[in-house]
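Student: Could we go through this structure together? I would like to begin with how the chains meet.

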Amino acid sequence: MPHLNVEYSDNLRDLDVDRLLLCLNHALVGSGQFADELDIKSRAAAFAGFRVGIAPTERAFAHARLSILSGRSPEVKRQLSASLLEVLKEAIPARAGLDIQLCVEVLDIDRGSYAKVHVPGYVQVT
Amino acid sequence: MPHLNVEYSDNLRDLDVDRLLLCLNHALVGSGQFADELDIKSRAAAFAGFRVGIAPTERAFAHARLSILSGRSPEVKRQLSASLLEVLKEAIPARAGLDIQLCVEVLDIDRGSYAKVHVPGYVQVT
Amino acid sequence: MPHLNVEYSDNLRDLDVDRLLLCLNHALVGSGQFADELDIKSRAAAFAGFRVGIAPTERAFAHARLSILSGRSPEVKRQLSASLLEVLKEAIPARAGLDIQLCVEVLDIDRGSYAKVHVPGYVQVT
């Protein structure tokens, strides 16, 4: 916890995914909501198969889904989604002839049944 | 909003994903539940790593997950999932020797923390 | 139902995904919670684009998301996530110099709007 999933249409061709994920993680660290930066697990997937609406127009989207343990207030969730949306806006500027939608969703993870283990890397003695 | 994610096992080899997504989007537009066709953001992913059950039988699945802003009635959700399932059934007919499961799930997006921005494509003057 | 999604960072290079999914499915069958082994639909995706935290350390994760029809008790969900986590731990042992997080999440599928059809493979007469 937290988990962040970024899904985007693969016509956002020059998107620097590594930089985007790092900026999103920095925004989450900066929120002060998460005790350890290590806990933030983000990933991104580009979709070659996608369709926005039904009109024959060139369209794109990027959607960030943040999953956090249940219990945070609506106000905190709003702040989290707003700060992630700012990062998306900066990373994905307007383009000629391409209609883009950027969205952020915040989900609760059921706290009672969430299970996790941390497996630190050992030091190899050679 | 809405977001649609189709996940399917990649042994559904001749599935026409682009056509499937367009038909699913048409079904969503036809439901009358969404003000603007532009809002429907659908994507599909084929999974090479999958396993249905534990028996050594050739099996497949396709699963559509529709995420909509919270507040719609159970009856509306049932109608949405039924109409999407009809599209899946038409797109993925029975096959010789392949056991197929088709499913549709409807999820609520927390309305209070959903954030979105629309970035229209600008016109390039050359 | 149930659906299982395994997401993992692709620096877990020698992970045997097919074996992992089979073991996870066996754990679900062994839980006694699901009437038919056929119903368990599991898939896995490796993410090339991922970022754990913000520190420049080699890190990895694997996350299993189990979606089951609503109505099961918190205790049953806890048992399910614990048994899946055991499988992840066995499949992904500690590695030299790689910090790994393994997590399991259990989600409810809204029972009222879940739609499904089973399309058995027919026998081809030649």
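Tutor: Buried area is the accessible area (1.4 Å probe) that two parts lose on being put together, summed over both. This is a predicted model, in which local features need pLDDT of at least 70 and side-chain atom pairs count only at pLDDT 80 or more, while totals for chains, interfaces and linings use all residues. Residues are numbered from 1 along each chain as its sequence is written, chains are lettered from A in the order in which they are written, and side-chain values use heavy atoms, without hydrogens and water.

Student: What is the area buried between chain A and chain C?

Tutor: About 2,800 Å² is buried between chain A and chain C, and carbon and sulfur atoms give 57% of that area. Chain A and chain C bring 32 residues each to the contact (heavy atoms within 4.5 Å).

Student: How many salt bridges are found across that interface?

Tutor: The rule finds two between chain A and chain C, where a salt bridge is a side-chain nitrogen of Lys or Arg within 4 Å of a carboxyl oxygen of Asp or Glu. Arg43(A) and Glu7(C) form a salt bridge through their side chains, at 2.8 Å from N to O.

Student: Changing topic, which pattern does chain A follow along the sequence?

Tutor: Chain A reads β-α-β-β-β-α-β-β, with two helices and six strands. Helices (H or I, at least four residues) and strands (E, at least two) are DSSP runs, numbered from the N terminus.

Student: And what size of box do its C-alpha atoms fill?

Tutor: The C-alpha atoms of chain A fill a box of roughly 55 × 45 × 25 Å along the principal axes.
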